[in-house]
Amino acid sequence: MRTNTGQIVHLENYRPTDFVLERVDLTFELDPRETKVEARMIFHRREGVSPSAPLVLDGDELTMTGLLLDQVAVPGTLYEATDDTLTIRGLPEAAPFEITVTTAWSPETNTKLMGLYRTSDVYCTQCEAEGFRRITYFPDRPDVLAVYTVNIIADKASAPLLLSNGNYLGGADMGDGRHFASWFDPHPKPSYLFALVAGDLGVVEDAFTTASGRDVALNIYVEHGKEPRAAYAMDALKRSMKWDEEVFGREYDLDIFMIVAVSDFNMGAMENKGLNIFNDKYVLADPETATDADYANIEAIIAHEYFHNWTGNRITCRDWFQLCLKEGLTVYRDHEFSADMRSRAVKRIAEVRHLKSEQFPEDAGPLAHPVRPTQYREINNFYTTTVYEKGSEVTRMIATILGRDLFKKGMDLYFERHDGQAVTIEDFIACFEAASGRDLKQFSLWYHQAGTPLVTASGTYDAARQTYTLSLEQTVPPTPGQSSKAPMHIPLRFGLLLPDGSEARPSAVSGAEITGDVLHLTERKQTVTFSGIPSEPVPSFNRGFSAPVNLHLTQSAEHRALIARHETDLFARWQALNAMALDNLVKAAAEARTGQPIDCDDALVDALLAAAGDDRLEPAFRSQVLSLPSETDIGREIGSNNDPDAIYAGRQAILAAIATAGKDTFARLVNEMSLSGPFRPDADSAGRRALRNSGLSYLVYADGSPDKAADAFSSANNMTDLSQALTLLAHRFPDARETADALAVFKKRFADNALVIDKWFAIQATIPGASTLDRVRALMSDPLFNASNPNRVRSLVGTFAFANATGFNRIDGEGYRFLARQILDIDTRNPQLAARILTSMRSWRSLEKIRAGHARSALEEIARASNLSADVSDIVDRMLK
Ligand code: 0A1
Ligand code: ZN
């Protein structure tokens, strides 16, 4: 296996290849134990390259069975095959030549799920980032674009379906129990977008006609019997195709678009040209088995992969340092799509919650890296929330700074200039500079400087002059490898609210560029004066979360309540309430830690209940208001010396106070939000379910009895309500008979549906408290658990480590020791999965010293182990540095 090589790849060392790859013809003879691949590649030497330069191809765990140059065997003196390269010398000086490599290997024993592997008797591939080199020796890098023809030969009975990228050319029976199919993809592509699927699957078929009249067949392949559960994914696909035409002017470019759902997959999904491969979790849904959150995820991920066809496939990355070029931009596009399909404000709240709970901790810990990094040891470890989500936020800021029309002009130019190319972030930015005439040099620091900027603000009002003066200061904290930072261009959308809730209209502003409601903060310190302000205003900053920053602004609960009542930006209203709650939760954690009585501010309770009970606001928004900042959010706000038990205790006390004060409101919500008629997954219905379940959970808190939750469990007629009721029972009353009964009923009912059983694992893994570790250990021996399926491992082990602050961070360190053993075990099969779950410990340095000491020991235990993969070794070394 590819163990830790310790080699670091540097952006500054990027060089184009010496040889240009023109065409690739692949023939696969599929067999679970010994698959044979013949790769015929036409190359020519790039102009100016030395005639003696050898061709160096990448490989990983391959057995080569033949090597030909223009159909003649290459003598052993002219080539050298090592673990990870094949070097061939004596090649023609200028003329094109053909290299034929044959390899043989076993898909069945490929437990890393990279390259070609088996999942539920189906052959499938995953080639991003460097999986293609596990299929054949190849220039496996994103700037090598070629046209592929693929021939697949397989047993006809067990693999009636043979798929690859592009358009179907034809196929035939071979008369020996085998058959073959040929595919041709006319669009030059890098190897990471190659895909092959073969097996026996059911299909859902539909069609789409593009704006210019191309008829596209749409096929979604799933396990037999699961076809009805792919209907929502198909609907989401058609909506995505239409939206991309209408909003970004992008049409699909092949005769067929295929999606295959598989049950063993390391990530969410993959955008292979014309043949997307999905984790089945993000395809399959019906009311009985999928929650509203599942439906929303399916919609977003189907869109994300489809949008990659232009942002990623037609225009790809020059090298893996540019990953955010396709990922940040495509996440931005899928966020905009979901905002158009659902409520924009509610979608934005969910995005910001996710960004703050996942990306902000990454940016504040030992794994912090720039959106466009300059070095890596293992590229698989850079599919991070910084590259994806912060990358999306950076794209959003370009749109905010330029405004809608110029952003669109820049995107159009990007598509026009770079179609068919492998490019860089600099190329991307240059399009917006050219389209707008605006210099984005300082703005580009967002790609290069890691760390979440901190903006501190304070205001003074001069009644005599009717001026309001804001003092703003920005600091970007030091991060690994970057000790000092330059000031950034931070676009802050803002409003100045007057005491009656209306917005002040300044007659003049000095000290900053202001465009519309955007204040451009560009200096380390900036003083901005607004004139013509009739009375002291309340500033509302970062409307819509226009910049991914931490904002420190001391504001009274009354001022926050004013924003919550009157802001015209709905997101800003939620933000004000959330900040008010966070202030209180931080205080409550401190009180819990020192054994003082925990005080819940009346202003908070009043503001939350007013918003929750306000019928003019959409239910989904009201539900977001009632969902308090998480334990992770509170820990992040406290920053250091964290005690997760105190944070938990403080939060519980605040929840209880709100529950008691709001009993009537919550009872009314539970009644009013109930839905009749058949289940519908649309955003409005989902919002009503969300608000009803928020109300129910507070009622259960106030009651102190499991009865209401047990009733809700028995009467639920969809997975959203059922899983919420089970969560309430398990988390509030882990030892009650009602909980044991409900867990048993749930398990029995869904035992044959692994994706639902994942919810059963996750609900139990997140039961607060020290004893959950024993429960998790016991669940690992449950027959429904499977240590080699990534979804099962993530649901149980991953959820425990990522989402159970009190259970995982036990004061005796057992949680960390448990995780260390799990990581070492998982690493022997699937290094990528092991490394990802290990990142759950990324904030260990912000714990109080007893826990931090245990965490360090566990990390050191991992670091000491022999035969660590490059993936885990990279993460653990950075965490200990
Ligand atoms: N490009 C995919 C994500 C992805 C990345 C790596 C994978 O295997 C290591 C698989 C999928 C996306 O952004 O959807
Ligand atoms: Zn992506």
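**Entry 1: two helices**

I looked up helix H11 (residues 602-612) and helix H14 (residues 644-661): their axes come within 10 Å and cross at roughly 60°. This is a predicted model, where local features need pLDDT of at least 70, side-chain atom pairs count only at pLDDT 80 or more, and totals for chains, interfaces and linings use all residues. Residues are numbered from 1 along each chain as its sequence is written, while chains are lettered from A and ligands numbered from 1 in the order in which they are written.

Some terms for my notes: helices (H or I, at least four residues) and strands (E, at least two) are DSSP runs, numbered from the N terminus. Axes are lines fitted to C-alpha atoms, for helices over the stretch in contact, with angles from 0 to 180 degrees between N-to-C directions.

H11 and H14 are therefore oblique to each other (under 35 degrees is roughly parallel, over 145 roughly antiparallel, 65 to 115 roughly perpendicular, the rest oblique).

Which residues make the contact? I found Val605, Leu608 and Leu609 on H11, and Ala657, Ile658 and Ala661 on H14 (contact means C-beta atoms, placed from the backbone, within 7 Å).

**Entry 2: a sheet**

Next I checked an open sheet of five strands, ordered S28-S31-S26-S25-S33, with mixed pairing (two strands pair if DSSP finds at least two bridges between them). Its edge strands, S28 (508-510) and S33 (550-552), each pair on one side only. From one strand to the next, the twist averages 20°.

How do S25 and S33 pair, parallel or antiparallel? Strand S25 (residues 454-462) runs parallel to S33, over three bridges. I also noted that Thr456 has His552 of S33 as its bridge partner.

How values were computed. Contact = placed C-beta atoms within 7 Å.
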